[in-house]
Amino acid sequence: KTTFSGAANISYANYQDVVGDVYVTGGLSNNLAADIAVRYETQGKGWGRNFGTGNESGKLNHDFAGRAKLLWEPSAETQVRLAFDYENRSSSREAQRIDSQYPGTFDNIAFGGPFPQGGVHDKNSNLDEVFKLKAGGVSAQINQTLGGVELQSITAYRESAYSFPIDVDETPVPIIQINPLRSTGKQFSQEL
């Protein structure tokens, strides 16, 4: 537990995609140890283009994720673990498009279409569908040995907030859109 170790990695890929990872672990005292992991990714260039807005599509603006853990062992019979995690993400990689070859879409002459669709990662929408996520949580795990009995308690709490605009008609004409759709969640659990 007293030995520190770690690892780091950075990579670069096409579309100006940069990823960095860092992990460090080690002891803080005789009965306390910790580790931390951090990851960040960003993409400078989108996979495609939204012809309706002129902006890039299929792009990861940023994705930051981190996790930290503490292990405290006050005695040979007791272990306490605390864990924290967090993520913040903004991306248009998840945006969908409806091809005009399918019946029942708005991409037809009645609504001013058909509109040019471009390649597989392009779209033609009046709305840039950028999906945003913020989420995090904390947990505590306590293990206690009492003679021949093992007791374990896990307490956890999580929060998340997710928002994204949706161009329902998937055309450059503002017919039906939800801007933005939001979803939030809170969760508490206790296990014995």
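**Ground rules.** I worked from a predicted model, where local features need pLDDT of at least 70, side-chain atom pairs count only at pLDDT 80 or more, and totals for chains, interfaces and linings use all residues. Residues are numbered from 1 along each chain as its sequence is written, and side-chain values use heavy atoms, with hydrogens and water left out.

**Strands.** I took strands as DSSP runs of E, at least two residues long, numbered from the N terminus. I called two strands paired if DSSP finds at least two bridges between them.

I began with E1 (residues 5-13) and E2 (residues 17-29). They run antiparallel and are joined by nine bridges. Ile10 stands opposite Gly20 in E2. Their hairpin has three residues between the strands, and Tyr15 there takes a positive phi near 60°.

Next I followed E2 into E3. This pair is antiparallel too, over 12 bridges, and a hairpin of two residues makes the link. Gly27 faces Ala33 in E3.

E3 (residues 32-43) also runs antiparallel to E6 (residues 60-75), with 10 bridges between them. I noted Ala34 opposite Leu70 in E6.

E6 then pairs with E7 (residues 78-91), antiparallel, through 13 bridges. Two residues form the hairpin from E6 to E7. Gly66 stands opposite Tyr86 in E7.

I looked for pockets and cavities on a 1 Å grid over the protein atoms alone. A cavity is a set of points where a 1.4 Å probe fits but cannot get out. A pocket is an open set with protein on both sides within 12 Å along at least five of seven lines. Lining residues have an atom within 4 Å of a point. Volume is the space filled by probe spheres set on the points, which are joined across faces, edges and corners.

The largest pocket has a volume of about 180 Å³. Its lining includes Trp47, Ser92, Arg93, Gln96, Arg97, His121 and Lys123. By class I count three nonpolar, five polar and four charged residues. Here Ala, Val, Leu, Ile, Met, Phe, Trp, Tyr, Cys and Pro are nonpolar, Asp, Glu, Lys and Arg are charged, and the others, Gly among them, are polar.

The second largest pocket holds about 150 Å³. Ala33, Ala34, Leu70 and Arg81 are among its lining residues. E3, E6, E7 and E8 (131-146) each give two or more residues to this lining. Its classes are six nonpolar, three polar and three charged.

I found one cavity of 30 Å³ or more. The largest cavity has about 40 Å³ of space. Among the residues that line it are Asn50, Ser57, Lys123 and Glu129. Two lining residues are nonpolar, three polar and four charged.

**Glu170.** I ended in the loop between E9 (149-167) and E10 (177-191), where Glu170 is found.

The side chains of Glu170 and Lys123 make a polar contact of 3.4 Å. That term means a pair of N or O atoms within 3.5 Å; within protein, one must be able to donate a hydrogen and the other to accept it, and residues adjacent in sequence count only if both atoms are side-chain atoms.

Contact means heavy atoms within 4.5 Å. Leaving aside neighbours within four places in sequence, Glu170 is in contact with Gln96, Arg97, Ile98, Lys123, Asn124 and Glu129.

Note on methods:
Helices (H or I, at least four residues) and strands (E, at least two) are DSSP runs, numbered from the N terminus.
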